[in-house]
Amino acid sequence: MNAGEDFATKIVVKTNMPEVLRQELGRRTWTRERVAIGTATDAYQPCEGRYQLTRRCLEALRDFATPVSIVTKSTLILRDRELLAALAQGPGVTVYFTITTLDPEHWRLIEPGTPPPLKRLAVMRRLSEAGIPCGVFLAPILPGITDSSESIEAVAAAARDHGAASFGSAVLRLAPDVKEHYFGFIASSFPDLLPRYERAYAGTNIKADYQAAIARRLARVREHYGFAADIMHGRTD
């Protein structure tokens with residue numbers, strides 16, 4: 001499976017996931033550590049509307065008093081508002097909405113097929129109003145595209161205005177297969193940036209000086225908009 005069309009068109013559905021999860025949660029050795037959902041792929045992809053695997057897994061986590069965090073781009077999560085509220089009142093839950101940019105043109109290029117960022121933020125507000133702790137995850141930060149102070153501050157201001165309690169971030173990482181696909185996208189959509197990317201990404205991660213500069217920029221933005229901690233990374237800057 002490649003990092004291009006295959007990733008979006010070849011979907012593997014593990015239909016027994018909720019049952020397997022219940023078996024694991026029922027073990028005497030399970031210590032009810034926080035379970036992170038959506039760190040590898042979005043648990044609210046369109047097929048979730050049919051299979052409801054994420055919902056059934058959340059029900060299992062609720063029944064076994066296990067705290068959970070969720071990262072998603074999808075507005076489908078609103079369907080589970082009552083279940084998430086029950087988790088919030090019980091073992092604990094935090095929902096992080098991934099927002100890359102508020103620029104409509106950049107959103108269409110970078111995240112085709114995803115809900116518009118402002119719709120995600122509107123859903124976040126409704127979850128927050130239901131007592132569900134929510135945050136915004138500014139990720140990935142794309143060098144030369146979404147890393148300006150103006151772009152970052154626009155997302156931070158919208159996060160605050162829509163009830164976010166936290167504001168995390170992550171700079172773009174490019175694993176080998178992903179790098180080839182992403183460089184093709186840059187070549188076609190932002191050709192002037194391609195030499196910069198080729199210099200900056202000798203490996204999976206961008207150079208350390210850029211990461212440090214972005215960390216300082218994010219620290220200033222979080223302080224200005226009232227987000228004291230980068231909870232996604234478990235630190236304050």
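**Entry 1: Thr 66**

I started at Thr 66, which lies in the loop between helix 4 and strand 2. For element names I rely on DSSP runs numbered from the N terminus, with helices being H or I of at least four residues and strands being E of at least two. I note that this is a predicted model, where local features need pLDDT of at least 70, side-chain atom pairs count only at pLDDT 80 or more, and totals for chains, interfaces and linings use all residues. Residues are numbered from 1 along each chain as its sequence is written, and side-chain values use heavy atoms, with hydrogens and water left out.

Is Thr 66 buried or exposed? Thr 66 is buried, because its relative accessible area is 0%. My cut-offs are under 20% relative accessible area for buried, over 50% for exposed and in between for partly exposed, using a 1.4 Å probe and protein chains only.

I then listed what Thr 66 touches, leaving out residues up to four places away in sequence: Leu 25, Trp 30, Arg 32, Glu 33, Val 35, Leu 61, Leu 87 and Pro 91. Contact here means heavy atoms within 4.5 Å. With Trp 30, Thr 66 makes a side-chain to side-chain polar contact of 3.1 Å. By polar contact I mean a pair of N or O atoms within 3.5 Å; within protein, one must be able to donate a hydrogen and the other to accept it, and residues adjacent in sequence count only if both atoms are side-chain atoms. I also looked up Arg 34: it is 32 residues from Thr 66 in sequence, yet the C-alpha to C-alpha distance is 6.4 Å.

**Entry 2: two positive phi values**

I checked backbone angles next. Most residues other than glycine have a negative phi, and most peptide bonds are trans. Ala 65 has a positive phi, near 50 degrees, and is not a glycine. Ala 65 sits in the loop between helix 4 and strand 2 and is partly exposed, with a relative accessible area of 38%.

Gln 52, also not a glycine, has a positive phi of about 55 degrees. I found Gln 52 in the loop between helix 3 (48-51) and helix 4; at 34% relative accessibility, Gln 52 counts as partly exposed.

**Entry 3: a cis bond**

Which residues does a cis peptide bond join? They are Ala 139 and Pro 140, with omega about -10 degrees. Pro 140 belongs to strand 4 (residues 134-141).

Thr 72 is in strand 2 (residues 68-72) and counts as buried at 1% relative accessibility. Its side chain joins that of Asp 42 in a polar contact of 2.8 Å. Beyond four places in sequence, Thr 72 touches Asp 42, Tyr 44, Ile 77, Tyr 96, Phe 97 and Thr 98.

Asp 80 is placed in the loop between strand 2 and helix 5. It counts as buried, because its relative accessibility is 0%. I found a polar contact of 2.7 Å between the side chains of Asp 80 and Arg 55. Setting aside residues up to four places away, Asp 80 touches Tyr 44, Arg 55 and Leu 58. Glu 59 is 21 residues from Asp 80 in sequence and 10.0 Å from it, C-alpha to C-alpha.

**Entry 4: helix 5**

In helix 5 (residues 81-89), I noted Leu 83, Leu 84, Ala 85 and Leu 87 as buried. Their cover includes helix 4, strand 2, strand 3 (93-99) and helix 7 (117-129).

**Entry 5: two helix pairs**

Two packed helices are described by the angle between their axes and the distance between the axes. My axes are lines fitted to C-alpha atoms, for helices over the stretch in contact, and angles run from 0 to 180 degrees between N-to-C directions.

Helix 2 (residues 17-25) and helix 4 (residues 53-63) cross at roughly 15 degrees, and their axes come within 9 Å. They are therefore roughly parallel to each other; the classes are under 35 degrees for roughly parallel, over 145 for roughly antiparallel, 65 to 115 for roughly perpendicular and the rest for oblique.

Helix 8 (residues 149-161) and helix 11 (residues 208-224) pack at about 40 degrees, with axes 10 Å apart. This pair is therefore oblique. Ser 149, Ile 152, Glu 153 and Ala 156 of helix 8 contact Arg 217, Leu 218 and Val 221 of helix 11.
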